[in-house]
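Hi,

Here is the structure I promised to pass on.

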Amino acid sequence: MTTTEPTPGQRAVPPAEQPYYVIDFDSTFTKVEALDILGEISLAGRPERDDVLHQIKTITDRGMSGEISFTESLNLRLDLLKAHRNHLPALIESLMGKISDSFQRNKEFLTEHADHIYIVSNGFREFILPIVTSLGIQAEHVFANTFLYDENGAVIGFDPQNPLSANGGKSQVIRDLNLGGEVYVIGDGYTDYEIRASGLANRFYAFTENVLRPSVVEKADHVAHSLDDFLYQNNLSRSQSYPKSRIKVLLLENVHPVAVQLFEQEGFKVEIRKEALDEDELIEAIRDVSILGIRSKTNITARVLENANKLMAVGAFCIGTNQIDLDTCTQKGIAVFNAPYSNTRSVVELAIGEIIMLIRSIVPKSNLMHNGGWDKSAKNSFEVRGKKLGLVGYGNIGTQLSVVAEALGMEVYFYDIVDKLALGNARKCKSLDDLLAVADIISLHTDGRKENKNLFSYREFSLMKNGVIFLNLSRGHIVDIPALVDAIERGKIAGAGVDVFPLEPKTNNEEFSSALRKLPNVILTPHIGGSTEEAQVNIGNFVPGKLLEYINNGSTYGSVNFPELQLPMLKGAHRLLHIHANVPGILAKMNAIFANYHINIHGQYLKTNEQIGYVITDVAKEYAHEVVEELKGIDNTIKFRLLF
Ligand SMILES: NC(=O)c1ccc[n+]([C@@H]2O[C@H](COP(=O)([O-])OP(=O)(O)OC[C@H]3O[C@@H](n4cnc5c(N)ncnc54)[C@H](O)[C@@H]3O)[C@@H](O)[C@H]2O)c1
């Protein structure tokens with residue numbers, strides 16, 4: 001199946017058919033209402049400032065939503081503002097930094113179509129002109145009010161002769177302009193809609209990038225979430241191949257708010273749900289979703305994926321990805337990312353803490369005191385300095401623990417089934433048995449593959465030194481619990497820290513039953529090795545980072561199911577991303593198409609895994625549209641995307 005995407009729409013509409021674009025200023029061209037900012041400047045240092053600013057905002061909103069007339073709102077605000085000519089340079093400087101993102105991105109459109117663009121605003125020409133002309137708008141196409149000043153330069157009102165100072169002023173301006181073609185109005189406020197209502201515009205687009213006024217949206221012919229979105233809807237050249245405001249992100253299971261913020265900042269439409277969804281609920285929710293974020297409780301099954309036709313990527317805001325049908329994701333060209341080491345440090349710190357507590361026999365001493373006892377003695381209390389720490393599994397956590405433990409003066413030994421680079425002064429053991437024979441403290445950090453079930457049982461415990469400290473913060477099934485209990489009871493193990501169990505309660509209300517309960521010098525923790533506020537923030541930052549790199553740039557570095565490609569930033573080119581079933585000859589077919597159309601290729605990247613191939617081709621911006629259609633039509637194409 002091929003996912004189709006709109007073609008780039010690079011061709012401008014021929015001038016004769018081109019409509020006139022009438023664009024509002026406040027909260028459309030800029031992110032803010034300029035008079036609010038003027039108030040912040042003019043009232044700076046006055047005790048009543050916050051109160052007055054609040055009043056100004058309320059009046060602005062009432063005017064914008066049509067609750068009070070425009071002239072009334074302007075009069076009321078100017079009275080409160082106490083503005084002066086001297087305040088304008090600071091206002092202009094501030095507004096320059098508050099131009100709407102999508103307007104900044106589309107300077108090319110504004111400049112190229114300047115003949116057909118008008119700024120019509122109830123704001124003031126004094127500050128509007130420098131802002132809009134900086135993006136190519138023609139000065140004589142700017143219509144706005146002008147201030148009146150007293151002899152000292154204080155703003156005392158507005159020019160009453162200007163039609164824009166009166167109710168219905170925008171319509172009057174358009175009527176006077178007599179444009180003689182189609183007119184599209186883009187704005188966030190009621191006065192913009194009025195142009196359409198008075199029959200002087202063919203379409204009104206409610207612009208919602210900065211503010212969404214329901215009463216205005218309700219009346220609009222179309223909603224434009226951004227200027228890119230407007231340009232996309234009108235098949236005009238734009239800065240984003242596919243407007244981000246049209247990309248829906250669904251985040252489940254209470255992922256950290258930082259993730260929500262990152263996606264929103266990027267301009268995506270984000271929906272959040274606190275809970276996990278079951279299969280049927282997810283099937284319903286996923287239909288129009290492009291990016292899905294989950295944690296461990298949502299299962300992404302083949303049935304769910306059958307209904308996920310817009311889905312481009314899945315972010316697992318956790319370490320494991322067992323809850324996701326990765327094969328089906330791959331077959332459907334959906335890239336999956338997780339957060340493999342966002343909580344590594346948290347696990348390491350808990351391990352270090354437990355090692356120190358256990359080797360000092362703090363747990364039985366503390367328990368005794370809770371029962372009124374007092375055992376002041378140094379017996380069975382040791383320092384960690386100089387002790388031999390044996391790490392089984394030298395991956396993300398094992399290596400990090402190796403470094404921190406050395407800093408505390410421990411001698412580190414490790415064993416891994418894969419040949420790993422020893423960090424610092426750590427020593428590699430040839431076999432697990434070698435490690436067991438030498439270590440004073442043994443800590444498990446292997447992954448949870450099924451071959452590792454009961455990796456530690458009676459034999460392994462018997463090979464350890466007497467009085468060893470033993471930690472498992474990796475996976476529950478790796479340790480044979482009866483064997484561990486036996487080793488603790490026999491004194492082979494002097495202290496143990498266990499965070500993970502073969503059977504763990506599913507909720508906080510379920511009882512924890514284990515033969516490890518009530519054993520001396522054993523620290524039990526409820527699988528919280530990686531659970532810290534910092535880890536949650538790290539995951540919340542890390543996963544969106546990966547997803548955004550993929551969506552914006554095509555990079556798949558760190559994907560759990562896609563061939564990994566780290567791509568250069570896209571500059572001055574169009575990027576064609578082609579995902580296909582890994583059968584021979586696809587690259588040749590693609591390149592035959594490029595050759596046929598004399599495409600100038602800037603760069604090409606290919607990587608495959610057993611199931612799919614991923615080819616990225618950067619091409620010069622000018623090319624025939626048919627190329628895209630032909631690439632999508634190649635047999636075994638799974639997904640095609642275009643970035644520019
Ligand atoms: N307690 C928690 O809350 C928590 C949090 C995070 C991770 N974990 C668990 O910690 C473990 C380690 O995580 P990681 O991020 O370091 O994983 P990782 O994949 O980076 O490292 C695992 C290492 O174990 C090695 N290994 C696998 N089987 C082995 C064996 N039989 N003998 C020796 N080495 C073996 C692998 O080669 C790899 O180097 C995982 O099981 C993970 O699920 C637990």
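Predicted model: local features only at pLDDT ≥ 70, side-chain atom pairs only at ≥ 80, totals over all residues.

Let's start with the open sheet of seven strands, which pair in parallel in the order S16-S15-S14-S17-S18-S19-S20. Its edge strands are S16 (427–428) and S20 (522–524), each pairing on one side only. Further in, S18 (residues 468–472) and S19 (residues 493–498) are joined by five bridges, and Leu 471 has Gly 497 as its bridge partner in S19. Helix H22 (residues 481–489) packs on the sheet and touches S18, S19 and S20.

On to the nonpolar cores. The largest has 49 residues, and Phe 25, Phe 29, Leu 110 and Phe 127 have the most contacts inside it. Apart from it lies another core of 36 residues, including Val 249 and Phe 263.

Now the rings: the count comes to 28 aromatic pairs. In one of them, Phe 124 and Phe 147 have ring centres 3.9 Å apart and planes at 5°, so they are stacked. Phe 124 is in strand S2 and Phe 147 in strand S4, so this pair ties together parts that are 23 residues apart in sequence. Phe 124 is buried at 0% relative accessibility, and Phe 147 is buried too, at 5%. Both belong to one aromatic cluster that also includes Phe 25, Phe 29 and Tyr 149.

Tyr 149 has a charged neighbour as well: Arg 85 lies over its face, 3.9 Å from the ring centre. Likewise, the charged end of Arg 641 sits over the ring of Tyr 550, 4.8 Å from its centre.

Cheers

Definitions and conventions:
Residues numbered from 1 in each chain as written. Heavy atoms only, no water. Pairing = 2+ DSSP bridges. Helix = DSSP H or I, 4+ residues; strand = E, 2+ residues; numbered from the N terminus. Contact = heavy atoms within 4.5 Å. Axes fitted to C-alpha atoms, helices over the stretch in contact; angles between N-to-C directions. Core = buried A, V, L, I, M, F, W, Y, C linked by side-chain atoms within 4.5 Å. Buried < 20%, exposed > 50% of the residue type's maximum accessible area, 1.4 Å probe, protein only. Phe/Tyr/Trp six-rings, centres within 6.5 Å; stacked < 30°, edge-to-face > 60°. Lys NZ or Arg CZ within 6 Å of the ring centre and 35° of its normal.
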